Each structure stands twice: as C-alpha cells, then as structure tokens.
Amino acid sequence: VIIARNDDHKRHFFEAGAIEAVVSVMKRHVSSPEVQINSFKCLINLGKAQHTRFAIGNCGGVAAIVEAMSEYKDMDEVQEVAIWAMGSVVAASMENKVIAAEVGGIESVVDAMKQYPGNQQVQQVGLWTLGSLSANWIDNAIRIGRKGGVTHAINIMRNFIDNPNIQEMGCWALACMAAGGGKPAEYIVKKEGHQAVMAAMKKYPKQPALQYAGLVALVYLGSETALDKLFSLPTFTLFH
C-alpha cells in the first residue's frame with residue numbers, strides 16, 4: 001500500500017506515476033480482492049488534491065473501481081472500501097462526477113447499499129459518497145433518485161436512528177442532493193426526507209456537525225425557519 005504522509009510525498013508519488021501504476025495493477029489483477037482493496041486505499045490516500053483526483057479519473061481509475069465492485073458484489077469489505085474510494089475521487093471534482101455517472105458508479109454505490117442494508121459501515125460511507133457524487137451536480141442527484149438512492153438513504157436514516165454517524169451522513173447526502181433544487185428536492189420532500197432530517201436533529205442536539213448538515217438540508221428543502229437559524233450561527237453572524 002502506498003502511503004503518502006505529507007504533501008511532499010504525494011507530489012513525489014504523483015510525479016513518479018504512482019496513480020497510473022496503481023490503476024494498471026487494478027486492471028491486471030481483477031481476480032484478486034486483496035489487490036483491489038489495497039489499490040482503493042492507495043487511491044484514497046493519493047487522491048486528496050484536485051490534480052491527483054483528475055489524474056485518477058483521466059487514467060481510468062473511476063472505471064476500475066466500478067469494475068471491481070461488479071466483480072466482488074458478494075464481498076462487503078470490497079464494496080465498503082470501493083465506495084469510500086469512489087467518494088474520495090469524486091469529491092470536489094466535476095470531471096470525476098461525470099465519469100462516475102458514465103461508467104455506472106452511481107448504480108454501483110446504490111446497489112451495494114441495497115445489497116448490505118444491515119452493514120452500518122457500508123451504509124455510512126455510502127451516504128457520504130452519494131453526497132459527494134451529487135454535490136453541485138444536479139444531474140447525478142436526479143440519477144441517484146431514479147436508481148432508488150434517495151428512498152434508500154431516507155430508509156437507512158429511519159432504520160439506524162441510534163447511529164449518529166449514519167444520521168450525520170444522511171443529512172449530508174440529502175443536503176447535497178437537494179442543493180440544486182428542482183426535482184431532487186421535491187422528491188426528497190415527497191418521500192418525507194425532511195422528517196428524517198428533523199428526527200436526526202432532535203435525537204442528537206449536541207452534535208454540531210450533524211446539526212449543521214441538517215440545517216443545510218432543511219434550507220435546501222425550503223424551510224425558512226432553518227434558514228433563519230442557519231444565519232444565526234456564529235459563522236454567519238460575522239457577515240451581518
């Protein structure tokens with residue numbers, strides 16, 4: 001496993017062609033789940049900068065993740081780490097969000113979440129990745145909804161109300177999917193996603209990250225009360 005412990009390490013590995021090498025290994029050793037898992041971890045570690053995420057998508061890394069997920073549908077560990085890798089390489093990368101949609105990345109993530117509904121680790125990272133896939137990209141939010149990802153996300157929040165991490169990631173996912181407005185936001189409200197968000201916020205009033213994600217979700221879902229409360233937070237009072 002390649003471990004880049006600082007920015008200098010990342011730059012060195014990038015310039016040496018580490019990303020291309022990792023993706024090449026993934027393609028040559030599809031039959032080895034251990035190789036795939038370790039390769040996912042390398043991509044997560046290396047893909048923390050905009051230029052490295054672009055390189056991962058450009059050399060076929062996103063497609064390689066999807067291929068591995070298809071090959072190992074019956075291995076929850078492969079699915080979990082692959083989803084994590086997918087979320088990492090599409091975060092703040094419009095190019096990789098498009099590639100993920102084109103190569104079936106959205107379907108792979110939603111299918112894995114549906115296949116392992118009782119695996120809380122898969123659900124948590126899956127919710128985070130749905131948020132990363134749809135953030136600032138409404139086309140992916142629409143596609144997630146059509147695949148059943150919105151309904152699944154809301155159901156998971158209801159089923160695991162006692163898991164604060166799932167609740168936070170659920171609020172984050174719904175906020176990202178609703179951010180573009182239009183059909184995704186309307187569909188979330190239709191499926192009572194706002195109720196799931198409010199239930200999470202009520203359950204965990206002292207979780208600041210969850211409260212913030214929940215407020216943002218409610219704002220995008222049309223709550224003027226949430227908007228007023230969001231602007232009352234210390235971060236925003238500086239701009240008053």
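## Salt-bridge count

Four salt bridges are counted in this predicted model. The cut-off is a Lys or Arg side-chain nitrogen within 4 Å of an Asp or Glu carboxyl oxygen. Side chains of opposite charge can pair when their charged atoms come close.

## Helix 8 to helix 10

Arg143 belongs to helix 10, residues 138-147. Glu107 belongs to helix 8, residues 105-115. Arg143 is partly exposed, at 34% relative accessible area.

Asp111 pairs with Lys147. Their closest N and O atoms are 3.1 Å apart. Asp111 sits in helix 8 and Lys147 in helix 10, so this bridge ties together parts 36 residues apart in sequence. Asp111 is partly exposed, with 31% relative accessibility. Lys147 is also partly exposed, with 27%.

## Helix 11 to a loop

Arg158 and Glu192 meet in a salt bridge as well, with 3.8 Å from N to O. Arg158 lies in helix 11, residues 149-159. Glu192 lies in the loop between helix 13 (182-190) and helix 14 (193-203). The pair links distant parts of the chain, 34 residues apart.

Both partners are partly exposed: Arg158 has 40% relative accessibility, and Glu192 has a relative accessible area of 44%.

Definitions and conventions
Residues numbered from 1 in each chain as written. Predicted model: local features only at pLDDT ≥ 70, side-chain atom pairs only at ≥ 80, totals over all residues. Heavy atoms only, no water. Helix = DSSP H or I, 4+ residues; strand = E, 2+ residues; numbered from the N terminus. Buried < 20%, exposed > 50% of the residue type's maximum accessible area, 1.4 Å probe, protein only.
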